[in-house]
Amino acid sequence: MDVEQLKKLFKEAYGTEPTLVVRCPGRVNLIGEHVDYSDYSVLPMAIKDSTYVLAAPTTGHMISLKNKEPTVYHETEFDLTKPLWEGVNRPKWFDYYMCGWKGIIDYLQVPPVGMNIFIAGSVPPSAGLSSSSSVVCAAALATLAIHTGGKTFDVISKEQLAELCAKSEHYIGVEGGGMDQAIETLAEAGCAMRIDFKPLGFEKVTLPENALFAVLHSNATMNKGASSHYNERVVECRLAAQLMAKKRGVTDWRGVRTLRQLARHLQLDPHEMEEVIKKELKPVNEPYSRAELLEFLEVTDDQLNEHSLNANTTHLQTFYLTARATHVYSEAARVHFFQQACESGNLKEMGRLMTASHDSLRDLYECSCAELDQVVAECQEARTLGARLTGAGWGGCAVALVDKRQKEEVEKRVNVLFWSEPSAGLEITFLEQ
């Protein structure tokens, strides 16, 4: 995107020059889907498509938010003399900006100043490529710079910023993990990354020279903040961990919040945890009723809501614990094997693991859709090495692994949105006045 053109648009919108521009990329996750909020590792890479935030402080008491596409994303203002923004359950585009803003204001514990903000982006929205998190991270860095006189990473490390943004995004009602914010903040050009959680860590993963990744849109969109689908999976994983913890005699089973936390309690790896599931939970296709969980966990309805569910899942009456936990532990293992295959240059194994990941997401996690399944099937017919949905699912994009020698042949058979290259992460540029 042409930054000089964006600077002109900022001046047309506000009559003044911006003082800084932040670029934050989207991302494509190669493998490790729906496991970050269970504290297991993921393996994404940043993409070239990015969100841009141009900003300037003002002497007033308003935060003004304008977008390059005003007919789609209407401008808005927040009055700092009134009660500050505290989050929403059905977010609009600007609420993602406010997530990053609030995270920084709370971190710095300083009075917020007025700002003029102009946002533009090339990351396809609601496509599973993390357009929303790129807004959150860019907003956080812009807010940090304005409120610290440009000190940014002298005040907070990139790792701390990634964790802050992951927590801040919960203000829009989605109890997500930290994959998007971590890769968008920490990415380096030329490599993918394995991202670990609790504690946050990362390791560069060099992709085989002949590996190409095609991103294909299913033409179905899904905003995970606009439904309870995502949070339902989060609480099903939490309940599976708590139920197995209680059955295995973990005294503080209520304190077990994730499937990896349980595995650490039991000192077992993901493959061994699959055996625990078989012993302690129902068969994979049999759900638990709410009444059964109240009986097994020996809790009241209110206690279940308090210790296990979240705001938009208290209505649930049926829970597919076995299927969800089985996916998480098998997917966690696939991330490990995928990294090994990358390091050995085994494209065939990388592709097999990606396809197995999609099968698990479709059958066990039930977060695919007919359109995504069709795209994956078309990729298989086009002789890609493997394909899977990327992102939360229920719409959006798939990613397919292609041997670079087959690129032209694949392009003839399927509609490639773009060929993904591992790109650099979050960056800020201060502009001369």
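Buried here means under 20% relative accessible area, exposed means over 50%, and partly exposed is in between (1.4 Å probe, protein chains only). The model is a predicted one, so local features need pLDDT of at least 70 and side-chain atom pairs count only at pLDDT 80 or more, while totals for chains, interfaces and linings use all residues. Residues are numbered from 1 along each chain as its sequence is written, and side-chain values use heavy atoms, with hydrogens and water left out.

Helices (H or I, at least four residues) and strands (E, at least two) are DSSP runs, numbered from the N terminus.

Now to the charged pairs. The structure holds 28 salt bridges, each one a side-chain nitrogen of Lys or Arg within 4 Å of a carboxyl oxygen of Asp or Glu. One of them joins Lys204 and Glu188 (2.8 Å, N to O). Lys204 sits in strand 7 and Glu188 in the loop between helix 5 and strand 6, so this pair ties together parts 16 residues apart in sequence. Lys204 is partly exposed at 46% relative accessibility, and Glu188 is partly exposed at 32%.

Another salt bridge links Asp106 and Lys102 (3.2 Å, N to O). These two are 4 residues apart in helix 2 (residues 93–108), which means about one helical turn separates them. Lys102 is buried at 8%, whereas Asp106 is partly exposed at 31%.
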